[in-house]
Amino acid sequence: MHHEEPFTNRNVSESSAYYYVDIETYPTEGWDKFKQVVKRTFNGELFVGLWVVLREMIKFDIHTLQYPLEKLPIGPRYRAVHKLLRLWESGYERCIGCGLCEKICISDCIRMDTRIDENSRKEVTEYSINLGRCIFCGYCAEVCPELAIVHGGRYENASEQRAHFVIKDDMLTPLDLLKAGEQAEYPGFGAIIPGSDASVKKTPLAY
Amino acid sequence: MDVAFIIETIVKIVVILLIFSALAGLGTYFERKVLAFMQRRLGPMHVGPFGLLQVAADGIKLFTKEDIIPQNVVKPIFKIAPVITAATAFMASAAIPFWPQFTVFGYTVHPIVADINVGILYVLGVMAIGLYGPLLGGMASANKWSLISAARSAAIFISYEVISGLSLLAPLMMVGSLSLIDINNYQAGGIGNWIVWSQPVAFILFWIAAFAETGRTPFHLVANDHEIIDGFGTEYSGMRWGLFFIGEYANMFFISFVIAIIFLGGFGDGTIAGAIQLLLKVAFFFFFFLWTRAAWPDVRPDQLMWLCWKVLMPIAVINIVITGIVMMF
């Protein structure tokens, strides 16, 4: 049912054929007014209107999207509610607790607490985003060195409290989904460009 | 008057009431669907298959809604106005033959409540009384938009009564009878005998007047949403508002029957094929009401009055004169 309208160039430019509409002066004399009425009456414009709507009915080119059942595809760089990703191999959280997202957040809505765990690894104990303040600018995802916080495509949010959307456990990929290979890599801000391996060159050391 | 006649009449009345109340509901469904398709939408889809039960859902909603009587309205008039609209619409149907006569179990049924010899006069007269629905409802509503709507309805309905009356005069002169069955039988010879061929001007004029009298879109000034909200219906809620709606849609069906019978041959010679043709004609006229709503913009009230008194009425009078001259010689 997905349908894309062909793109029409509606930009105003030198090449476009804009011209002033030729509007006749409005008649003042009674006889001229009468002639105008007769001309408009028998011009057949009413039937043009009837034909246009009937043609659309016969073509039956319905543009309705039956929303809860059908959805428009959203772009890969769409910035909806955040997600926290896990490492593919070990299942650890990718977040290393560097705090860059907290620092760069221009609406100051990210808050995190960290500690050093028993493996001397920095562990994030609390991570929350105040969606009442978040402007979905995407800086947190862009700045993240580990591709740990990304923007997801979950734009249908209904809850009694906005805080419910961004509890850390909800944002984090569940372990069973990770094992099932359901964690999608983020192709948006800061992500590795496809085919970037080929463009990597060895750092020239010996001159 | 024997008992059988009274029972038959009551049965006919009940059947017409039930069928056309249901058709008024279905009419809203068709209107929403047709308008939707013409605007590349789907229309109601969720209640029942293809949204067919939307009619039932709307009916339940209208019946169970609170009947709000605002504080400053003139209560008895406010309450009776929707009844006038619905009642006059159905009363007008009494003289309309909906179907040729047929025989069931040896009993001949005439599908017309009363074949009176002033049929079309009665239909037009009672439809004209329907003016009091919007007029009284609007004036009693204590609402400025309703009041404007009431004034407009009085102006439009009375003006276009003139057009419908004068335009019908010419075909009636030819037929020589006011009974719709006589008018129908006059054209029983087939397509060539249809009055529309001999009276095309009257046909167009009556058709235009039908739009004004049912308050449909090119002349939808009585309840023009973007100017005066819902006009006389602004203060109404629940089933009282629903009665206005049933009246409007029943009127659309009845006026479609009248146009089809007077100008397009009605049910012809009275066979089943003719009867089905009549229903098809009515369906076309009903569809045209919806079609124009999708295609045409509304005109201004002054343009409507101008069209009525300066264009249509002279044409109607000239049409009568020419018809008379042709009939004399």
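Two residues are in contact here if their C-beta atoms, placed from the backbone, lie within 7 Å. Keep that in mind as we walk through this predicted model, in which local features need pLDDT of at least 70, side-chain atom pairs count only at pLDDT 80 or more, and totals for chains, interfaces and linings use all residues. Residues are numbered from 1 along each chain as its sequence is written, while chains are lettered from A and ligands numbered from 1 in the order in which they are written.

**Stop 1: where the chains meet**

Show both chains and look at the contact between them. It draws 14 residues from chain A and ten residues from chain B. On the side of chain A that touches chain B, eight residues are nonpolar, four are polar and two are charged. In that count, Ala, Val, Leu, Ile, Met, Phe, Trp, Tyr, Cys and Pro are nonpolar, Asp, Glu, Lys and Arg are charged, and the others, Gly among them, are polar. The model scores ipTM 0.79 and pTM 0.77.

**Stop 2: chain A as a whole**

Now select chain A. You will find seven helices and four strands in this chain. Helices (H or I, at least four residues) and strands (E, at least two) are DSSP runs, numbered from the N terminus. Starting at the N terminus, the elements of chain A follow the order α-α-β-α-β-β-α-β-α-α-α.

Next, colour residues 30-59 of chain A, which are domain 1, and residues 82-192, which are domain 2. These bounds come from an automatic or database domain assignment. The C-alpha centres of domain 1 and domain 2 of chain A are 61 Å apart.

How many of the 207 residues of chain A count as buried? The share is 12%. A residue is buried if 20 or more other C-beta atoms lie within 10 Å of its own, exposed if 12 or fewer, and partly exposed in between, with C-beta atoms placed from the backbone. Of the contacts in chain A between residues at least 6 apart in sequence, 70% join residues at least 24 apart.

**Stop 3: a hairpin in chain A**

Select residues 110-116 of chain A for strand β2 and residues 122-129 for strand β3; the two pair in the antiparallel sense over seven bridges. Strands pair if DSSP finds at least two bridges between them. Click on A:T114 and look across to A:V124, its bridge partner in β3(A). Then try A:M112, whose bridge partner in β3(A) is A:Y127.

β2(A) and β3(A) form a hairpin with five residues between them, and A:S120 in the turn has a positive phi of about 60°. Most residues other than glycine have a negative phi.

Move on to A:F136, in the loop between β3 and α4 (139-143) of chain A. A:F136 has a positive phi too, near 55°, and is not a glycine. A:F136 counts as partly exposed because it has 16 C-beta neighbours inside 10 Å.

**Stop 4: chain B as a whole**

Along its principal axes, the C-alpha trace of chain B spans about 60 × 55 × 45 Å. Buried residues account for 44% of the 329 residues in chain B. Among contacts in chain B with a separation of 6 or more, 78% are between residues 24 or more positions apart.

If you colour by pLDDT (the predictor's confidence in each residue, from 0 to 100), chain B has a mean of 86, and 100% of its residues reach 70 or more.

**Stop 5**

Begin with B:F50, in the loop between α1 (3-38) and α2 of chain B. B:F50 has a positive phi of about 55° although it is not a glycine. With 14 C-beta neighbours inside 10 Å, B:F50 is partly exposed.

Next comes B:Q71, in the loop between α2 (54-64) and α3 (75-92) of chain B. Is B:Q71 buried or exposed? B:Q71 counts as exposed, with 6 C-beta neighbours inside 10 Å.

Finish at B:G190, in the loop between α7 (180-186) and α8 (195-198) of chain B. B:G190 has 11 C-beta neighbours inside 10 Å, so it counts as exposed. Select B:D269 as well: 79 residues separate B:G190 and B:D269 in sequence, and their C-alpha atoms are 7.8 Å apart in space.
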